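User: I am new to reading protein models and would like to work through one step by step. Could we take it in questions and answers?

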Amino acid sequence: MNIHIFQNQQELNEAGAGIITSLVQTQPKAVLGLATGGTPVGIYEELVKAYNKGRVSFKSVTTFNLDEYVGLPEDHPESYHAYMKQHLFAHIDLPLNQALIPNGNAADLEEECELYNQRLEEAKQIDLQILGLGHNGHIGFNEPDHSLISGTHRVELKSETREANARYFNSINEVPSHALTMGVGTILKAKTILLIVRGADKAEIVHRALTGPITTEIPATLLQTHPHLVVLMDAEAGRLFE
Ligand code: PGA
């Protein structure tokens, strides 16, 4: 495990984007696993800057997003389809048919999960999986539970997750109750995992996730078993590692 703690957000963003651009420069057909939420926004901004400066092209890259809400229209501003367009896809040369996100509006959600798993299998391996961390230790939308599912599946969101995400909606009632998420098996199969954590409110959970006993009740503890885990944290989140 490789842990880096940054004194300011800009340095963290540049470091995160630098890891991604270096990979794509040396491996133009790289497969990237993408995350949403507040955490990666600044890294996507730096990727767009690198693209605009001509330092990187995404035209042969394939991306798989971790998750999507169930039942939220794709053009709803808080859907992860809309998020990815807003923060990354609209600004780079990644062909949209190479940018995969689970369809939370599919008529048959089980079939959609199966299809997503098939596409992941066809891609063979995610070269770099970007991950944020939930306050309850979730990764993607793999919520704490007594058991976890390996492949893409439908999940009921925990109340704390809906509360955390309510800041983006008018009220908690508008936050969807379910989502589709890549499973922990797929996440752990990635060649490299890039975990990004920011803020004092994540200091305890990231410390437990990376140093505590491995338990499905904190899904992020499973990351301790990964051979190539890179963690980028700001000083507030990394407080307990100093
Ligand atoms: P955040 O979400 O980046 O908005 O804090 C992280 C997560 O829930 O995985």
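User: Which residues does proline 73 touch, not counting residues up to four places away in sequence?

Analyst: The model shown here is a predicted one, and proline 73 is found in its loop between strand E4 (67-69) and helix H3 (80-87). Leaving out residues up to four places away in sequence, the residues that proline 73 touches are Ser79 and Asn105.

User: Is proline 73 buried or partly exposed?

Analyst: A residue counts as buried under 20% relative accessible area and as exposed over 50%, with partly exposed in between. Proline 73 has a relative accessible area of 41%, and therefore the class that applies to proline 73 is partly exposed.

User: How many Å separate the C-alpha atoms of proline 73 and histidine 228?

Analyst: Along the chain, proline 73 and histidine 228 are 155 residues apart.

User: Where is histidine 226 found, and what is its relative accessibility?

Analyst: Histidine 226 is found in the loop between helix H7 (203-211) and strand E10 (229-234). Not counting residues up to four places away in sequence, histidine 226 touches Leu188, Ala190, Lys191, Thr192 and Ile193. Histidine 226 counts as buried, because its relative accessibility is 7%.

User: What is the order of the strands in the open sheet?

Analyst: As a general point, strands of a sheet pair through backbone hydrogen bonds, and the pairing can be either parallel or antiparallel. In this model the open sheet has seven strands with parallel pairing, and their order is E1-E10-E9-E6-E2-E3-E5. Strands that pair on one side only are the edge strands, and here these are strand E1 (2-6) and strand E5 (99-100).

User: Which residue in E10 is the bridge partner of isoleucine 196?

Analyst: E9 and E10 run parallel and are joined by five bridges. Leucine 195 stands opposite valine 231 in E10, while the bridge partner of isoleucine 196 in E10 is leucine 232.

User: Which residue stands opposite leucine 131 in E9?

Analyst: Strand E6 (residues 128-131) runs parallel to E9, and four bridges join the two. One of the pairs consists of glutamine 129 and its bridge partner in E9, isoleucine 193. For leucine 131, the residue that stands opposite in E9 is leucine 195.

User: Which residues cover the two faces of E6 by being buried, and which residue in E6 is the bridge partner of glycine 33?

Analyst: Both faces of E6 are covered, with Leu128 and Ile130 buried on one side and Gln129 and Leu131 buried on the other. E6 is also joined to E2 by two bridges, and these strands run parallel. In E6, the bridge partner of glycine 33 is glutamine 129.

User: Which residue in E3 is the bridge partner of leucine 34?

Analyst: Leu34 belongs to strand E2 (residues 31-34), where Val31 and Gly33 are buried on one side, and Leu32 and Leu34 on the other. Four bridges join E2 to strand E3 (residues 62-65), and the two run parallel. The bridge partner of leucine 34 in E3 is asparagine 65.

User: What covers the buried residues of H7?

Analyst: The buried residues of this helix are Ala203, Ile205, Val206, Ala209 and Leu210. What covers these buried residues includes E1, E9 and E10.

User: What is the radius of gyration of the chain, and what percentage of its residues is buried?

Analyst: The chain as a whole holds seven helices and 10 strands. Its radius of gyration is 17 Å, close to the 18 Å that the globule rule gives for 242 residues, so the chain is as compact as a globular protein of that length. Among contacts with a separation of 6 or more, 78% are between residues 24 or more positions apart. As for burial, the share of the 242 residues that is buried is 54%.

Methods: Residues numbered from 1 in each chain as written. Predicted model: local features only at pLDDT ≥ 70, side-chain atom pairs only at ≥ 80, totals over all residues. Heavy atoms only, no water. Rg over C-alpha atoms; globule rule 2.2 N^0.38 Å. Buried < 20%, exposed > 50% of the residue type's maximum accessible area, 1.4 Å probe, protein only. Contact = heavy atoms within 4.5 Å. Pairing = 2+ DSSP bridges.
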